[in-house]
Each structure stands twice: as C-alpha cells, then as structure tokens.
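Here's a quick briefing to read with the structure open beside you. Have a look at the chain first, then work through the points by topic.

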Amino acid sequence: MELYSNLGFLTRFTFDKLQPRGMSQNPQYQEQFNRAYEAAKSFAAEPKGWFILSGPSGCGKTHLAAAIANECRRQGFPVLYQTTPDLLDHLRATFLPGSEVPYDYFFDKVRNAPLLILDDLGAQTVTPWSNEKLDQLLTYRFNSELPTAIVTIQSLDQLDDRLRTRLTNSAICQMHTIEEETASSVYQWGPEFAAQRRMTFASFDWRRVNLPAEQRENLETAYRLALDFAGSPEGWLVLQGVNGCGKTHLASAIVNSRYQANQPALFVVVPEFLDHLRYTFSPESKVSYDQLFESVKKAPLLVLDDFGEQSTTPWAQEKLYQVINYRYNALLPTVITTVCSLDEIEGRVGSRLIDNKLSTFFHITVPDYRGDLYSGRRKASPKNRKNR
C-alpha cells in the first residue's frame, strides 16, 4: 500500500507532527489554519466528496494533504498521491518508445483511485493537452463522486471556469483557504544576511576603472541585466563567474529592490539551505522539512546563491534538482549565482539553466574585485610612494 500511495518521503508528514493552529503568530491566521486542520482530520476519518485546500507557498497545505493520505493508509484505505506536474510528466512518458506502463493503464489507475490526493494544481505548464487531461480526470472523478483532495496554489478566480465550477459546488466540495502574513513580513533578510542587506544597485561599482574596457563593458551588461530583472522578474537569470566578481552583490541588489517595492523574494545560500534541510530531521528542529522545502521551492522570487558549492552527495543533488525542476516547470522567477562552468553542473540541471526560452545565462568575465582593493591600498601606502 505504501508503494501504491506514491507518498515517498511524505510518509513522515502526519497530523501529530503539525501544530493544530499552524506556525503563524497572528490569531486570525491561527484560527483559519485550525479550521482547515480539523476539517482535514474529519475528511481523513471518512473520505467523502472533495476536500480543497488553497493558500500561499509554505502555509502547510502539502503537509495537511499528506497527513490525510497517511491517516487513510493507517486505516487501510487505499490512497494515491500525485503532484499535478509529475502526473502530467508521467502521462507524457507513457507515449515514449520503451515505456513499461501503457497510457490507458496509468490514467485509469489515477482516474479510479479510491482516494486521490492531487497536489500543486496550478503549478503545471499550461498547454491545451495538459488542460484536456486534467479536465478528463477531474470531470470523471466529479461525476463519479470519488473522494478527492486537491491542493491548489492559485486562488479560485485564477482557475479555469470549468474547474472553478466544480471546486465551488458545495454539494460535493468543501473549500478551505489558508492565508498567511503579507509578503513584507514573511520575506525579509535574516540576521545572518547583514552584508547582503547593504548590497544595492546604488552601491555596485560597475565602472571599475582599473579594468580593461572589454571587462568594464561586460560588468555593465551584468548590472543592466540584474536591474532589468529586478524591475520585472520573469524567467531565470543565471550569473556565472569567479568568486568576488559581483554575482552575489547583484543578486542581493535584486532582492533589496523587491523588498523596497514591498514585493516577496527569498535569498538562499545553497550549502546553508541544504544544512538547514538536513537539520529539520532532528527532533529539536522547530521547522518541519515540508515547511522549509516548500517555502524555498515555491517562493515567488528565489535567489540560489553559491550554487555548485554544496556537497555533491546523491541526496543533495536530488533535493536541488527537485527545487530546480519544480521552478522550471512552474516558470517561477529565479536567480542563480555559480562559479561552476556548465560542464561542472549536473546535466539535467545544466540543461535547464541554459534553456534560452526561460533562462538568461551570463558569464561575468571580470576578476575578483578584492584585487582592486589590494591594489588601491598598495598605491596609497607611503612605502610605495617612496619607491616610485
């Protein structure tokens, strides 16, 4: 039954590992989360009709959905968990030569699951084909009144009309919305980012006079790309170059620009993120794995700083691939800084970083700016003046 459920690492996410009133300090949001929590427990005890959860990234939706699945499994009730992007990817894969699973078999398995948990509705790449498959699946389950839990990252007014009509049908569906604090309170610099807080576009020196004209032009181009991205974050911006060339400053300036406009953004140092992710498995951790991973994976704008500096264990590679792949499929704005060349980056990740339909990959050719500071100190020293 565990293999059938497709829950994977989500088997750890149970009701007893959730705070019934959520993580917010706001009483209004605590009450909202508690209503969803109690309703989820009731649905898990007797799966009937459709249970709909909506809300921003990191608010606990996936943990609640997984808790429903795990409680049903504990009671011996078959349940199948699928994220919407993965479901569509699996359906496409059945058409490939050599596929071991026929399309009809897989689609029928999902369509007739005794209880289907469909996570991340709205995160899929929207095409006529994907819309048709989702419509076929959900229309069948709706008409058959098969127990279904749906987690959506979109508000109702953003959903397709046919789907919205089904989700708002009170005869079969119960909808629960989990809200959270505003972007300005959730997304802000932590105390460990004091240096990044000061890295703005105004303080970035792209005119480095000691550089050859070609390198100054290269640095100005990087500056303009980052400035344009901050004004209208779309797609991905990948900045590659040696340590100290200005990548982190530009990435931090993008975040500071978004904060100044009261817009959400999240800055993550990749090796530290993986360390924090590992720590969530500790009994002392106050943040669940699900909360941390989902908050990074689904951030409205994410900066992944020092990509490639992390340990290259299979676990680390898989976690980063999941983040990259999710954001790639969901077309979420992302900034990545790295010292690695493309041939040093894992192939399935590298191919996404250079996809020119989504990503702007820019190589900053200038040397470490700290060499400028060293040269300046040498020129200014009395000893050097005497030796001229």
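This is a predicted model: local features need pLDDT of at least 70, side-chain atom pairs count only at pLDDT 80 or more; totals for chains, interfaces and linings use all residues.

**Nonpolar cores**
- The largest nonpolar core has 55 residues, and the members touching the most other members are L64, I68, I117 and F273.
- Take L64: setting aside neighbours within four places in sequence, L64 makes contact with F15, L18, F33, A36, Y37, A40, L53 and I178.
- Another core of 30 residues lies apart from that one, and L219, L239, A253 and A265 are among its members.

- N262 sits in the loop between α11 (247–260) and β7 (266–269), and its phi is near 60°, a positive value in a residue other than glycine.
- With a relative accessible area of 46%, N262 is partly exposed.
- L331 also has a positive phi, near 55°, and is again a residue other than glycine.
- You'll find L331 in the loop between α14 (314–330) and β9 (334–338).
- L331 counts as exposed, at 54% relative accessibility.

**Cysteines**
- The disulfide count comes to zero, going by a cut-off of sulfur atoms within 2.5 Å.
- For C72, the closest cysteine sulfur is in C173 at 17 Å, so that's too far for a bond.
- C72 is buried, at 0% relative accessibility.
- For C245, the closest cysteine sulfur belongs to C340, and a bond is ruled out because the distance is 13 Å.
- C245 is buried too, with a relative accessible area of 2%.

How values were computed
Residues are numbered from 1 along each chain as its sequence is written. Side-chain values use heavy atoms; hydrogens and water are left out. A nonpolar core is a set of buried Ala, Val, Leu, Ile, Met, Phe, Trp, Tyr and Cys residues joined through side-chain atoms within 4.5 Å. Buried means under 20% relative accessible area, exposed over 50%, partly exposed in between (1.4 Å probe, protein chains only). Contact means heavy atoms within 4.5 Å. Helices (H or I, at least four residues) and strands (E, at least two) are DSSP runs, numbered from the N terminus.
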